[in-house]
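Biologist: Could you take me through the ligand site in this one, and then through what the rest of the fold looks like? I'd like the distances and the cut-offs behind them.

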Amino acid sequence: MKLRAVKGMHDILPDEIGRWHRLEAAFRAMASRHGYEEVRTPVCEPTPLFVRSIGEATDVVEKEMYSFRRHDDELTLRPEGTAGAARAYLEHTVHARQAVTRWSYLGPMFRGERPARGRQRQFHQAGCEIYGDPGPVCDAEMIDMLVGFLGELGVGEIEVLVNSLGSGDTRARYRDALVTHLSPRRADLSEESQRRLDKNPLRILDSKSPRDQELCADAPTVLDVLDGDDRAHFDALRRHLDALGTPYRVDPRLVRGLDYYTRTLFELRGSGGELGAQNALGGGGRYDGMIAELGGPATPAIGFALGLERLLLAMRPELPRAAPLVVLVPLGDAGATACLVLAKELRALSIPAIVDGRGGKLKAMMARAEQRGATVAVLIGDAELERGAVAVKTMATHAQEELPRASVARVLADRLASLGWES
Ligand code: HAM
């Protein structure tokens, strides 16, 4: 049997890792600028956590979870980060210590979906959650932060969709209105939507079937039934977004696939880059009921997650900026010791350095340095040692020069800094 990675789960090899590091660093910097602190929760949680928070009648819980039994526990690889973060927030009674908590996270998630471009079974999300703030000020701030972040990454055209699902009561009333509208047309709905009509009617609005979409076209929208505080909340969110100059479009049919949402809902869709049909770059919303549902005190919450694979497809292609590397080439035994010592000095100045101790002909060693992506090669043999010097070859120009051994590490650090690389 040929051993291969699991279908829909991918290796990220060293030639791609630079882009990942830059994206992750940009996310962490953005989150920290906005007062979020990083949290890391396990990739695996008790299955009932996801069933109760995400909802029994969602695609994620019904069809996509990687669940298994171990030591009498029912466990699931996390399909998203919100439920685990909420569990940790409660378990550590963070609410008792902080009125408002801002957390961010980044890591792999697992969903057994059909793999396609931009849709994996193991994928990575970067997300933020705010607990204890009912909004709508922080809702507007969060959406604006995301739009700014995508701009910073050079994600070209994006569309920001916002909607409100209202709180518990509104949602129930809307559900009834939708069922009343669709029930007489039941037989015309797709099989999946007929099933959803009983279990989770709001999801029918998300159906890809053209026939379902037609039947929903004149259905009442949630905004038709939004009233009182829910409407005031949504209106205020829009006012704040307008004041910030954040572009958005109200989409009264936006429902999203997870059941925990209340009030504010948003999704960012891209169209540029290599993004195909999987154009949802990220999304989120308010989930004011979840913490209480999980057994905690009533705590309003809002959050979002970005799909990192999709962001990488949508981002402006950048020129690969290889990290500098010094390859040290010993010519003889004494040279090998000198190379080891110099490599250590270079690393202390944060310059990546490796010693090629395999020996052989000079030509072969230089070819290996080239192949390894060296910026400079340093050669040390008996002759150089006698003169208290080392030979430095700049790979791009093939220029070779002799530098004093005593100062070579500092000289190389200065040169690499002038190439735009900071140690
Ligand atoms: P979500 O919309 O299910 O929301 O996922 C967020 C993002 O993760 C999507 O927009 C997409 O970019 C990416 N994503 C989802 N599934 C896949 C997949 N199979 N392959 C590649 N990328 C994928 C959530 O997960 C919520 N937890 C967001 C949230 C946080 N709501 C409140 N707080």
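Predicted model: local features only at pLDDT ≥ 70, side-chain atom pairs only at ≥ 80, totals over all residues.

Which residue has a polar backbone atom 3.3 Å from an oxygen atom of the ligand?

Modeller: That's Gly307, whose polar backbone atom sits 3.3 Å from a ligand oxygen. Numbering starts from 1 along each chain as its sequence is written, and side-chain values use heavy atoms, with hydrogens and water left out.

Back to the ligand. Two side chains also make polar contacts with it (N or O pairs within 3.5 Å): an N or O atom of Glu113 is 2.7 Å from a ligand nitrogen, and one of Arg256 is 2.9 Å from a ligand oxygen. Overall, the protein covers 96% of the 650 Å² of accessible area that the ligand has on its own (Shrake-Rupley, 1.4 Å probe).

The shell holds 27 residues, and the closest are Glu80, Thr82, Glu113, Tyr261 and Ala280; a residue gets in if one of its heavy atoms lies within 4 Å of the ligand. By type, the shell splits into 10 nonpolar, 10 polar and seven charged residues (Asp, Glu, Lys and Arg are charged; Ala, Val, Leu, Ile, Met, Phe, Trp, Tyr, Cys and Pro are nonpolar; the others, Gly among them, are polar). Strands β6 (122-131), β10 (280-286) and β11 (301-307) each supply at least two shell residues, with β10 giving the largest share, six. Strands here are DSSP E runs of at least two residues, and helices are H or I runs of at least four, numbered from the N terminus.

Zooming out, the protein is assigned domain 1 (14-166 + 226-314) and domain 2 (326-418), bounds that come from an automatic or database assignment. The C-alpha centres of the two domains lie 48 Å apart.

One of the sheets is open, antiparallel and three-stranded, in the order β2-β4-β3 (a pair needs at least two DSSP bridges). Its edges are β2 (44-46) and β3 (66-70), each pairing on one side only, and its neighbouring strands are turned by 35 degrees against each other on average, direction ignored (axes are fitted to C-alpha atoms, with angles from 0 to 180 degrees between N-to-C directions).

Most residues other than glycine have a negative phi, and most peptide bonds are trans. Arg263 also has a positive phi, near 50 degrees, and its place is in strand β9 (262-270). The Gly135 to Pro136 bond is cis, with omega near 0 degrees, and Pro136 lies in the loop between β6 and α6 (137-152).

There's also an open five-stranded sheet, ordered β13-β12-β14-β15-β16, with mixed pairing. β13 (353-355) and β16 (400-404) have a single partner strand each, so one side of each lacks a neighbour in the sheet. The twist here averages 25 degrees from one strand to the next. β12 (326-331) and β14 (376-381) run parallel and are joined by six bridges, with Pro330 partnered by Ile380.

Notes: Polar contact = N/O pair within 3.5 Å; in protein donor to acceptor, adjacent residues only side chain to side chain.
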